[in-house]
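Student: I have a model open and would like to learn how to read it. Can we take it one feature at a time?

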Amino acid sequence: MANTEHELRILEALEQEPDTTQAGLAAQLGVAVGTINWYLKRLIKKGYVKTKQLERRNLKYFVTPSGLALKARLTKEYMDASLRVYRELRRAAKETLDRLAAAGYDSVTLAGADESMEIFRLTCLEQGVSVDGGREELPLIRTDGRSFAVTWPEKT
């Protein structure tokens, strides 16, 4: 997860639950407590988050107005990046399907079930290409970064 996404997710979590602990944030975000501590210190130093001591070791976190503005900016950046990746994957899926159509195929087999392959599956539906599981006579499609790789069936 990139710094931007960490900061965004921390600000979102603190806004929803100001009484959360660093351990709770770490579990929620799937990172180490030390990572959360580093990000919180940084956000506090920059004035995006303030703390209030509740008990001896318990803190309450408040997202400041500048923290809310940062959250809005980070959300926009995250959405822009996500849409850019989505568009790249859609373009790559369409190009791959064009190659398959030129080779005479209207059915494919998909390897994997990640988000990229889900985009490919939806593009297949849109283009009228059927997805058939595991048939050796069909091209096998798998994710290759931000594009798709084709394993062509052996000609017999």
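Student: Where does Thr64 lie?
Tutor: Keep in mind that this is a predicted model. Thr64 lies in the loop between strand 2 (59-63) and helix 4.

Student: Is Thr64 buried or exposed?
Tutor: Compare the relative accessible area with the cut-off: buried means under 20%. Thr64 has 8% relative accessibility, so Thr64 counts as buried.

Student: Which residues does Thr64 touch?
Tutor: Leave out residues up to four places away in sequence. Thr64 then touches Gly47, Tyr48, Val49 and Lys50.

Student: What about Leu54?
Tutor: Leu54 sits in the loop between strand 1 (49-53) and strand 2. Its relative accessible area is 44%, so Leu54 is partly exposed. Beyond four places in sequence, Leu54 touches Asp19, Leu59 and Lys60.

Student: How far apart are the C-alpha atoms of Leu54 and Leu97?
Tutor: They are separated by 59 Å, and the two residues are 43 apart along the chain. Now take another pair. Leu89 and Ser116 are 27 residues apart along the chain, and their C-alpha atoms are separated by 6.9 Å.

Student: Where does Leu89 lie, and is Leu89 buried or exposed?
Tutor: Leu89 lies in helix 4. Its relative accessibility is 5%, so Leu89 counts as buried. Setting aside residues up to four places away in sequence, Leu89 touches Ser116, Ile119, Gly145, Arg146, Ser147 and Phe148.

Student: Which pairs are parallel and which antiparallel?
Tutor: Go pair by pair. Strand 3 and strand 4 run parallel, joined by two bridges. There, Val108 has Val131 of strand 4 as its bridge partner. Strand 3 (residues 107-110) and strand 5 (residues 140-144) also pair in the parallel sense, over two bridges. Here Thr109 is partnered by Leu140 in strand 5. Strand 5 and strand 6 run antiparallel, with five bridges. Arg142 has Ala149 of strand 6 as its bridge partner.

Student: How do I read side-chain directions along a strand?
Tutor: In a regular strand, the side chains alternate between the two faces of the sheet.

Student: Which residues line the largest pocket?
Tutor: The lining is made of Tyr78, Ala81, Ser82, Val85, Glu115 and Arg146. Helix 4 gives the most, with four residues.

Student: How many lining residues are nonpolar, polar and charged?
Tutor: Three are nonpolar, one is polar and two are charged. Arg146 is one of the lining residues, and Arg146 is also among the contacts of Leu89.

Technical notes. Residues numbered from 1 in each chain as written. Predicted model: local features only at pLDDT ≥ 70, side-chain atom pairs only at ≥ 80, totals over all residues. Heavy atoms only, no water. Pairing = 2+ DSSP bridges. 1 Å grid on protein atoms, 1.4 Å probe; cavity = no way out; pocket = protein on both sides within 12 Å on 5 of 7 lines; lining within 4 Å. Nonpolar A, V, L, I, M, F, W, Y, C, P; charged D, E, K, R; others polar. Buried < 20%, exposed > 50% of the residue type's maximum accessible area, 1.4 Å probe, protein only. Contact = heavy atoms within 4.5 Å.
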